[in-house]
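I opened this entry to record, in order, what I looked up and what I found. The structure comes next, and my notes follow below.

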Amino acid sequence: MEDRNTLTARSAVLSALLGSHPPRLPSRALVRVGEVFGIAEGTVRVALSRMVAAGDLVQDDGRYELSERLRERQARQDESRSPHTRPWDGTWEIAIVTAERRAPSDRAALRHTMTALRLAELREGTWLRPANLIRRWPEIVTAQCTLVDGRPREDPTALLWDLDGWAAEAGRLERALGQAEGLAEGFLVSAAVLRHLLADPLLPAELLPEDWPGARLRARYDDFDRDYRRALQVHLNG
């Protein structure tokens, strides 16, 4: 978890906007977020200017909102809190890279997209996961890969995901939610939980260990977030 004393103005601004619906806040509110961590107003305003210049934010009439690219990140974050799944019939999605002469940027973009889609790489150029998620394949995948539906003869789950590690961190974060005190600590714990949920492979129940903590962590976080948002809003309006 990011230490309170090392949180940057950019991280504070980005986390605040990712957690806002719509992802748009006035500069005054973002300055107040910085105050939670002892970040000076001037430092926050410099960060805002740099984020606009970098294409992370769009400024309009004294308000700052996430760019389209970061809105996609927010959508993934929202999906990780309330995933869209379907009953699993044992089929796996398999994406095999078949495009030739790919630029390094195309390779990097595909890897980022596959991770966001919660596929795992069995070997270089071969990505797969159970077919239990409701979503569309983006063009970056269809342009570089051949898509196949199949059924591995042996369950490859243990080769693809560290489920024990994810579950252990989920338990630690659940405890942290119950122990968080104050706006700063709550802000950091909240951001850590959302990052961890983004890493949940969202596997069907048939492939998960007993007492998998995913649903429990989501429910605990929803309760925490409602209370925290109320407290944060009081601070922003102060």
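**The C-terminal span**

I looked up residues 187–236 and found 70% helix and 0% strand, with the end C-alpha atoms 13 Å apart; helices (H or I, at least four residues) and strands (E, at least two) are DSSP runs, numbered from the N terminus. An unreviewed UniProt entry annotates residues 187–236 as "domain: Transcriptional repressor PaaX-like C-terminal", and such annotations may be inferred rather than shown by experiment.

I noted that this is a predicted model, in which local features need pLDDT of at least 70 and side-chain atom pairs count only at pLDDT 80 or more, while totals for chains, interfaces and linings use all residues. Residues are numbered from 1 along each chain as its sequence is written, and side-chain values use heavy atoms, with hydrogens and water left out.

**Arg230**

I then turned to Arg230, which is found in helix 10 (residues 214–236). Arg230 is exposed, with a relative accessible area of 51%, where exposed means over 50%, buried under 20% and partly exposed in between (1.4 Å probe, protein chains only). The side chains of Arg230 and Asp227 are joined by a polar contact of 2.4 Å, a term for a pair of N or O atoms within 3.5 Å, of which, within protein, one must be able to donate a hydrogen and the other to accept it, and residues adjacent in sequence count only if both atoms are side-chain atoms.

**Helix 1**

Finally I checked helix 1 (residues 9–18), where seven of the ten residues are buried, so helix 1 is largely enclosed by the rest of the structure. I listed some of its buried residues, including Ala9, Val13 and Leu17.
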